[in-house]
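Hello,

I am passing a structure on to you, and I hope you enjoy looking through it. Please open it first, and then read my notes below.

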Amino acid sequence: MMQRRLQGRRVVVGISGGIAAYKAIEVVRLLTEAGAEVQVMMTPEATRFVAPLTLEALSYHPVAADWLAPQGAGESHITLAEWADLIAIVPATANSLAKFALGLADEIVSGTVLASRAPLLVAPAMNDLMYTHVKTQDHLKALRARHAAVVEPGTGRLASGKSGVGRLATPERIVAAIEAVLQDRRNLEGLRVVVSAGGTREPVDPVRYVGNFSSGKMGRALAETAAARGADVTLVTTVPTNPEGINEVAVTSATEMLAALKTACSGADILVMAAAVADYAPDKVAAAKLRRTDQPMDLHLRPNVDVLKSLGPHRGLFRVGFAAETEDLRAQAQQKLAEKQLDLMVANQIGVDGQGLASDFNAVTIVSPSGVVAEVPRLPKWEVAGQIWDAIDAVRNRGG
Ligand code: CTP
């Protein structure tokens, strides 16, 4: 999947001394695989956790680990600082964050960060007590205020053996955030985004439901892309996968989805309603499992709640709908946009093999009240997600 999206981009990866240093190896590998040119610098402590030779082999460059080592020309931290399109610190320890925030420079990594004017990205990893300490949080705040991108750590088992916040973000998340910074697309920083995903399941009895073929993949791609672009994301989904760095709320029926979205949308900036809500639900839910007989069975369906309509327009909430259509794509999309008073509608043609529901690919037409904003050809869903966020950004900021 990591095609040459970072071709020609120069990334300096700084490794500081924590146990998560070994995960930086995978980040360097993914970056070079994506086409980036990578140089690695390591604090003296980091070289105790992983061997510079490994990083040298994967980055195709000598590793800068000792800034006092005599070398042919120039100073290594200045050379690296000027070479970088971006500096990514993976992992960033509490100590290194403090040094960056304060402007200390006592080894190659902090020295290069201080000397460079390239965008800085930090992926903190440390014990939860150190991460949640007010000083560490102050330093992160100071770095954010200077436009550093922070890839929040995940929650899970830490080196201490107990569970808590402080695990280094996955290499994929880190690389996605690096890509967003390099493409100048950290534009959702500070925004609260809500995405709905998956097909709702309307219960018939305790074991059966009425549903649809939606896989929740488009919604998840939208949520992950928004997180990579810096948003605080809540994903309300019928297909939970517990994605790192995203607040996930698992729901089943449309009624549950509406309740979860009401909560999630209060104070949110953007709602993207990618879920396929069942238009009809069984009139009655049997309390006990329905038995098979030889007779035909009638299932009486009633119109379901319209989630988007019931949520209504909120002040300050930019609302995006999805329309899956088999015919008259644009006209239908325009009509639904007006009916549901949306800011943007993403329409996709279904019934075309190899795209749409349950597929990994999609092709969409994005429509605003003033007309077609973008036509996205058949692409992997995560790339479509990127273009949808571009369109949302354009319409939010420039009104079309
Ligand atoms: N939607 C919703 N609640 C429903 C049905 C749809 O909130 N009960 C939302 C979907 O999540 C989507 C948008 O409305 O963002 C349009 O969905 P779609 O099913 O295409 O529209 P409908 O109004 O249900 O029209 P149709 O008759 O084509 O099903």
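**Inside the cores**

Not counting residues up to four places away in sequence, Isoleucine 178 touches Val11, Leu31, Leu86, Ala88 and Leu121. Please keep in mind that this is a predicted model.

Ile178 belongs to the largest nonpolar core, which has 36 residues. The members that touch the most others there are Ile15, Leu31, Leu121, Ile174 and Ile178. Two or more residues each come from strands E1 (10–15), E2 (37–42), E3 (86–92) and E4 (120–124), and from helices H1 (21–33) and H9 (171–182). There is also a second, separate core of 32 residues, and Val195, Val233, Val346 and Val384 are among them.

**A pair of helices**

Have a look at helix H10 (residues 217–228) and helix H14 (residues 381–398) too: they pack at an angle of about 60°, with their axes 8 Å apart. H10 is therefore oblique to H14, and their crossing is right-handed. On the H10 side, the residues that meet H14 are Lys217, Met218, Ala221, Leu222, Thr225 and Ala226. Their partners in H14 are Lys381, Trp382, Val384, Ala385, Gly386, Ile388 and Trp389. Sorted by class, this contact has 9 nonpolar, 2 polar and 2 charged residues. Val384 in H14 is also one of the residues in the second core.

**The whole chain**

The protein chain has 14 helices and 19 strands, and its C-alpha trace spans about 85 × 50 × 40 Å along the principal axes. Of its 400 residues, 50% count as buried. Among contacts between residues at least 6 apart in sequence, 66% join residues at least 24 apart.

Note on methods
Residues are numbered from 1 along each chain as its sequence is written. This is a predicted model: local features need pLDDT of at least 70, side-chain atom pairs count only at pLDDT 80 or more; totals for chains, interfaces and linings use all residues. Side-chain values use heavy atoms; hydrogens and water are left out. A nonpolar core is a set of buried Ala, Val, Leu, Ile, Met, Phe, Trp, Tyr and Cys residues joined through side-chain atoms within 4.5 Å. Buried means under 20% relative accessible area, exposed over 50%, partly exposed in between (1.4 Å probe, protein chains only). Helices (H or I, at least four residues) and strands (E, at least two) are DSSP runs, numbered from the N terminus. Contact means heavy atoms within 4.5 Å. Axes are lines fitted to C-alpha atoms, for helices over the stretch in contact, and angles run from 0 to 180 degrees between N-to-C directions. Angles under 35 degrees count as roughly parallel, over 145 as roughly antiparallel, 65 to 115 as roughly perpendicular and the rest as oblique. A crossing is left-handed if the near helix is turned anticlockwise from the far one by less than a right angle, and right-handed if clockwise. Ala, Val, Leu, Ile, Met, Phe, Trp, Tyr, Cys and Pro count as nonpolar, Asp, Glu, Lys and Arg as charged, and the others, Gly among them, as polar.
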